[in-house]
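Subject: Structure for you, with notes

Hello,

Here is the structure I promised to send. Please open it alongside this message.

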Amino acid sequence: MECASCGAGIDHCHGTLVVHPEGGFAECTEPACGDGDRVRHALIVDCQALGRGCGCAAEPGKPWLRQAS
């Protein structure tokens, strides 16, 4: 089954964008995605909403998480 955006040829990602407001960066759960642009992602969450939390607030400016999973 193909999603509507795939069928329409729209540039998008099926992963979830994890935004790190304290660290000033975003990353995607899809390993093949190299673009952290919000427009390409239908699912966007704040890193602090993750069940295990995030270390970016504990160590400002030093992002410890490079690939969300």
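First, the ground rules. This is a predicted model, where local features need pLDDT of at least 70, side-chain atom pairs count only at pLDDT 80 or more, and totals for chains, interfaces and linings use all residues. Residues are numbered from 1 along each chain as its sequence is written, and side-chain values use heavy atoms, with hydrogens and water left out.

Salt bridges

A salt bridge here is a side-chain nitrogen of Lys or Arg within 4 Å of a carboxyl oxygen of Asp or Glu. Side chains of opposite charge can pair when their charged atoms come close. The rule gives two salt bridges. D11 pairs with R40 through their side chains, at 3.2 Å from N to O. That pair links distant parts of the chain, 29 residues apart. D11 sits in the loop between α1 (4-8) and β1 (13-20), and R40 in the loop between β2 and β3 (41-46). Helices (H or I, at least four residues) and strands (E, at least two) are DSSP runs, numbered from the N terminus.

R40 also meets D35, side chain to side chain, at 4.0 Å from N to O.

How accessible are D11, R40 and D35? Buried means under 20% relative accessible area, exposed over 50%, and partly exposed in between (1.4 Å probe, protein chains only). D11 is exposed, at 55%. R40 is buried, at 14%. D35 is partly exposed, at 32%.

E27 and its polar contact

E27 lies in strand β2 (residues 25-28). E27 counts as buried because its relative accessibility is 5%. Its side chain makes a polar contact with the side chain of H20, at 2.6 Å. A polar contact is a pair of N or O atoms within 3.5 Å; within protein, one must be able to donate a hydrogen and the other to accept it, and residues adjacent in sequence count only if both atoms are side-chain atoms.

P21

P21 is in the loop between β1 and β2. P21 is partly exposed, at 49% relative accessibility. Leaving out residues up to four places away in sequence, P21 touches D46 and C47; contact means heavy atoms within 4.5 Å. P21 and C56 are 35 residues apart in sequence and 8.4 Å apart in space, C-alpha to C-alpha.

Best wishes
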